Amino acid sequence: MAARRRRFVWAVAVLAALGAVWLVWMNRGDEDPVEKFCAEFSHLLRVDQLSFDVNPSDDVEARGAMDRTARQFADAAAAAPPEISADVELLAALTEALSDAVAETSSREAFDRAAALIAAQDPFLEHQDAAAQRVSDYVTRNCTAAPG
């Protein structure tokens, strides 16, 4: 009788565990969009911070850093809530354009690289500062932990 009871308790425990796993699995897409964006943006800041240690004269490092930042910006743009998605997409497109300019030029040709970076940024000049300010304001309001 005790063995049967243990098996029953064991079976109930296994079913409960499977039920909990199933609930977590089914609700994984229900992550709060603001939290998802904040997590992606936080990751973007960490990726971008790593770029500060890159030697701009090392083309392989510079290209890799720009590519990583552009890819992470694209991930943040994909997760951006509707109210700032256009701004984050603009900044992601700017970052991708800058990454392409670095990929297509050599650090040994400083003038050519500078010209390519300026040309890549030119289509975004009119809107990039306002977009960056709106994204910064949004992140400050929604992604920064409240003091406490």
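The model is predicted: local features need pLDDT of at least 70, side-chain atom pairs count only at pLDDT 80 or more, and totals for chains, interfaces and linings use all residues. Residues are numbered from 1 along each chain as its sequence is written, and side-chain values use heavy atoms, with hydrogens and water left out.

Q: How many helices and how many strands are in the protein chain?
A: Helices (H or I, at least four residues) and strands (E, at least two) are DSSP runs, numbered from the N terminus. Along the sequence the pattern reads α-α-α-α-α-α. The count is six helices and zero strands.

Q: How far apart are the end C-alpha atoms of helix H6?
A: Helix H6 holds 18 residues, 125-142. The expected span is 1.5 Å times one less than the number of residues, so H6 should span 26 Å. The model agrees: the end C-alpha atoms are 26 Å apart.

Q: Which residues of H6 are buried?
A: Buried means under 20% relative accessible area, exposed over 50%, partly exposed in between (1.4 Å probe, protein chains only). On the other side of H6, Glu126, Asp129, Thr140 and Arg141 are exposed. The buried residues are Gln128, Ala131, Val135, Tyr138 and Val139.

Q: Why are the buried residues of H6 on the same side?
A: The buried residues of H6 are Gln128, Ala131, Val135, Tyr138 and Val139. The arc is taken from the directions from the helix axis to the C-beta atoms. They lie on the same side because they cover an arc of only 100° around the axis.

Q: Which residues touch the most other members of the largest nonpolar core?
A: A nonpolar core is a set of buried Ala, Val, Leu, Ile, Met, Phe, Trp, Tyr and Cys residues joined through side-chain atoms within 4.5 Å. The largest has 15 residues. Those touching the most other members are Phe37, Phe41, Phe73, Ile84, Val88 and Val135.

Q: Which side chain does a polar contact of 3.5 Å join to that of Gln72?
A: Gln72 lies in helix H3 and is buried, with a relative accessible area of 7%. A polar contact is a pair of N or O atoms within 3.5 Å; within protein, one must be able to donate a hydrogen and the other to accept it, and residues adjacent in sequence count only if both atoms are side-chain atoms. The partner is His43.
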